[in-house]
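Q: I would like a close look at a single part of this model. Please keep it brisk and connect that part to its surroundings.

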Amino acid sequence: MGTKTPENEHRRHYGDASNSDGACHVGGEPRGSHMHRDGDGCLGDAGGDDESDGDGDGDGDGDVEETSLGPLEAPSTTEVVDAKKKRKKNKKKSKKKGTTPVPVKQTSPPRILLTYLFPSGEYPEGEMQNYTKSQIAAAEARYEARLYYKDDDFIQNYRKAAEVHRQARRWVQESVKPGQTLLDVAEGIEDSVRALLGHAGLQPGDSLKAGLGFPTGLCLNHQMAHYTPNPGQKDVVIQQHDVMKVDFGVHINGWIVDSAFTMAFDHIYDGLLAAVKDATNTGVKVTSFLLRWTAGIDVRISDVSAAIQEAMESHEVEIRGKTFRVKPVRNLSAHDIKQYRIHGGKSIPFVKNSDQTKMEEGEVFAIETFGTTGRGYVRDDVGIYGYGLNHDAPLAVPLPLASARRLHKTIRENFSTLVFCRRYLDRLGAERYLAGMNCLVSNGIVEPHLPLMDIEGSYSAQFEHTLLLRETHKEVFSRGDDY
Ligand SMILES: [Co+2]
């Protein structure tokens, strides 16, 4: 399932980069400002305080002048020690007859080797700036919140959902032909998924255990994303010259395999399909994170986007005698996935950007790309794709309409925050819910999702895989021998 890139995406990420790390602002701090704070210009604990001023004897007699040297003549260790010993004998009884050179003070101009000044080999520590408690807590919480991914059940369930996806899509690839309706295809996919998972989803809570991740998307030609047949609509019949994007999701316990492919019945689109498949596979290949114990390359979202754009734009395709350079869609993005949440909050555009956000171990990503012969910019089409409970909306909201309260309960029990469509509500027996739905939307509880399209007459394609960034490798769950 595609995600529309927020308009202020880039600005938002710049904001994150400069605001979230309060204690790491050394680069932006005026030089020496921490010294003003310290009052004495010392750097940390060792070396700045009076006990360790480099003199060693604490007598403050300024004996350093006696050891003043020419630039190239450092005293031998024994000379320094001998000189010190003599003076010590005169003042008080010598403490100890060691062979370790006693540190001396630096001269002006500085000429004494640092190894004399710091015979132990320990140098003054740099300024220590503690991470804030909230930074440590946030990093630990993020990591611990993702530890589920090391659980064998989590991996096995993800693999199972992916196998359901592969088997359902094989049926589409083998059986769908021009002349069939989009409704036939959508229901065929959805019936397959529910049957293979063993969850018909007709009892409250059943479809939360396992089921469809979002409404099956079937987009033709210039339609880019988020089209699904709605009840009572005129049938759309697939034509021989159509190019169709098939995007559906399978979830177990709310963890969604989000994967999509494009099919055509005419070879004229082969080049377009190959270009987008290449762009997606390039994105999958470069998606990574910095291994904690190696000096690997730290992958940022901007790196993945740049690689995707380069791959996509390297393809020139010919369709009906006209040549096109395949354009990545500028306002759609790949995304991370969280439990019961198809768009986890990280977006990966298909065009260059400066987003320094990193990918992290244990994160699930849906790496998808869309390529088009049109403008490369989608806008809302008429109609509705689906609805989803707003993640931030409170659970108990005073609603004026009884139908809205009923519908709210139905949604919570059957979909939670998964996106659903009108067909999914209808099969649960929900009736006359449109006024209630409008009420939920206007109260900010439910978010509507609209179909997205490029200019008419253009052609577009999509490929998408779901992967997990594991400790030492990534697992592309949805990979098959088809794509
Ligand atoms: Co997606």
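What is the order of the strands in the open sheet of 3 strands, and is the pairing parallel or antiparallel?

A: A note first: this is a predicted model. The open sheet runs in the order S4-S16-S13, and its pairing is antiparallel. S4 and strand S13 (379–380) are the edge strands. Each has a single partner strand, so one side of each is left without a neighbour in the sheet.

S4 covers residues 223–225. Strand S16 (residues 452–453) is joined to S4 by 2 bridges, and the two run antiparallel. Across this pairing, Gln223 stands opposite Met453 of S16. In general, the strands of a sheet pair through backbone hydrogen bonds, either parallel or antiparallel.

His226 sits in the loop between S4 and S5. His226 is buried, because 29 other C-beta atoms lie within 10 Å; the cut-off for burial is 20 or more. Leaving out residues up to four places away in sequence, His226 touches Gly2, Gly217, Tyr385, His449, Leu450, Pro451 and Leu452.

The unreviewed UniProt entry lists His226 and His343 under "binding site". The two are spread over 118 residues of sequence, yet they cluster in space, with a largest C-alpha distance of 14.0 Å. His343 lies in the loop between strand S10 (332–337) and strand S11 (347–349). His343 counts as buried, because it has 21 C-beta neighbours inside 10 Å. Its contacts beyond four places in sequence are Thr3 and His335.

Now the packing. Met224, within S4 (223–225), is among the residues with the most contacts inside the largest nonpolar core. That core has 88 residues. Not counting residues up to four places away in sequence, Val276 touches Thr262, Met312, Thr369, Phe370, Gly371, Ala461, Gln462 and Phe463.

Follow the chain on from His226 and the loop ends at S5. Strand S5 (243–252) is one of the elements that the buried residues of H6 pack against. The others are helix H7 (182–197), strand S6 (255–264) and strand S17 (460–469). The buried residues of H6 are Tyr158, Ala161, Ala162, Val164, His165, Ala168 and Arg169. H6 has 24 residues and reaches 35 Å from its first C-alpha to its last, close to the 34 Å expected at 1.5 Å a residue. Gln167 is also in H6, but Gln167 counts as partly exposed, because it has 15 C-beta neighbours inside 10 Å. Gln167 and Gly480 are 313 residues apart in sequence and 9.8 Å apart in space, C-alpha to C-alpha.

Finally, the whole chain. The chain holds 13 helices and 18 strands. Of its 483 residues, 34% count as buried. Among contacts with a separation of 6 or more, residues 24 or more positions apart account for 76%.

Methods. Residues numbered from 1 in each chain as written. Predicted model: local features only at pLDDT ≥ 70, side-chain atom pairs only at ≥ 80, totals over all residues. Helix = DSSP H or I, 4+ residues; strand = E, 2+ residues; numbered from the N terminus. Buried ≥ 20, exposed ≤ 12 C-beta atoms within 10 Å, placed from the backbone. Core = buried A, V, L, I, M, F, W, Y, C linked by C-beta atoms within 7 Å. Contact = placed C-beta atoms within 7 Å. Expected span 1.5 Å × (residues − 1). UniProt positions renumbered as here; feature names shortened; annotations may be inferred. Pairing = 2+ DSSP bridges.
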